[in-house]
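Here are some exercises to work through with the model open beside you. Try each task before you read its solution.

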Amino acid sequence: MLRSLLAALAVALLAPALAPAAAAQGSGSPTLDAIRARGAVACGVSGTNPGFAFADSRGEMRGIEADFCRAVAAAVLGDAGRTRFVMLTSTNRFTALQSGEVDLLVRSATWSLGREASLGLLSTGVLFYDGTGFMVHAGAGIRSARELDGATLCILPGTTTELAVTDYFRRNGMRLTPILIDNVTELRAAFRAGRCDAYSTDASALAAFRANEGEGGSRFALLPEIVSKEPLGPYVRKGDDKWFDVVRWTGIALLAAEELELTRANAEAALASANPDIRRLLGVDGDLGRAMGLDNRWAYQLIRQIGNYGEIWERSVAPLGIPRRLNQLWTQGGLHYAPPVR
């Protein structure tokens, strides 16, 4: 009995100190509250990867990762335009997220155990299924990665590519000389100039690079081998579960919208749908948005302003000639599967 009374007294004495901290959180998410106070979502991207995050001729950031950032802003603030893009390199991207410089990282970052266990970060799911590939100079006559024994390879440091390539060469008893340059523009310039026999990174980024070279892209050849699994997606800091939920379910909403054939063009009309799955997703029925600290129309806003996953793919990735394959919905033979929004 005495122990219970002492515990109750301790709680009573601590309550005044704890109450202001809890109240200061507002939504229950420090990140979400900071975004609302700031009026914009700070999103870390590369800014150098066509199809994913790349500035167009007007300086507008375009691509599947850029549009994911905008989808989060639409869900949180009701306005996709309230996104602040922060360009990050492969070596400073995680530090920028850890320090709070950005609210989320959407920069071709592979979901891996090492990153979640040691960096204090969490992957919120897969935005793009990819794998490590190789590009060579077409004139070299190389047809397979098995012919790269003793080659020099241009690689971005601090990436899973570095580990995947090292593992591949070791498994096959091959030697390599990595050339590590922490600036993708300089790295690609080194490859163009012939300083490296091959350039290795995510296969999608290689295809985007070659497509962006225009007619000059014919100088380069993609080798057939994909030597690793690279599930790419957003990262957030650990310790803010509500913010994790917002970012994760933004990705799920994009997939669910495609499954339900909801688009930018028909989202408004779909508010009158009798389909219970559509009504819950769009916030007509239920309080799912409120449970995350958002407006119940959070998903409606992101679909109406950004579209579904397939729409983003068609305007961002398809023009690069990258087939959708694993990135199809599960109903089309792909791996993307939206858990139920209910």
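**Exercise 1. Find Arg325 and say whether it is buried or exposed.**

Step 1: Arg325 sits in the segment that follows helix H14 (309–316); helices (H or I, at least four residues) and strands (E, at least two) are DSSP runs, numbered from the N terminus.

Step 2: Its relative accessibility is 63%, so Arg325 counts as exposed. Here buried means under 20% relative accessible area, exposed over 50% and partly exposed in between, with a 1.4 Å probe and protein chains only.

Step 3: The phi of Arg325 is near 40°, a positive value in a residue other than glycine. Most residues other than glycine have a negative phi.

Before going on, a note on the source: this is a predicted model, in which local features need pLDDT of at least 70 and side-chain atom pairs count only at pLDDT 80 or more, while totals for chains, interfaces and linings use all residues. Residues are numbered from 1 along each chain as its sequence is written, and side-chain values use heavy atoms, with hydrogens and water left out.

**Exercise 2. Carry out the analysis of Exercise 1 for Ser108: where is it found?**

Step 1: Look in the loop between strand S6 (104–105) and helix H5 (113–118), where Ser108 is found.

Step 2: Ser108 also has a positive phi, near 40°.

Step 3: With 18% relative accessibility, Ser108 counts as buried.

**Exercise 3. Which cysteines form a disulfide with sulfur atoms 1.9 Å apart, and which with sulfur atoms 1.6 Å apart?**

Step 1: The structure holds 2 disulfides, each a pair of cysteine sulfur atoms within 2.5 Å.

Step 2: The 1.9 Å pair is Cys43 and Cys69. Cys43 lies in strand S1 (residues 41–45) and Cys69 in helix H3 (residues 64–77), so this pair ties together parts that are 26 residues apart in sequence.

Step 3: The torsion about the S-S bond of Cys43 and Cys69 is about -50°, so the disulfide is left-handed.

Step 4: The 1.6 Å pair is Cys154 and Cys196. Cys154 belongs to strand S10 (residues 151–155) and Cys196 to the loop between helix H7 (184–192) and strand S12 (198–202), so the parts they tie together are 42 residues apart in sequence.

Step 5: Check the burial: Cys154 and Cys196 are both buried. Cys43 has 0% relative accessibility, so it counts as buried, and Cys69, at 0%, counts as buried too.

Step 6: Counting bonded cysteines along the chain, the pattern is 1-2, 3-4.
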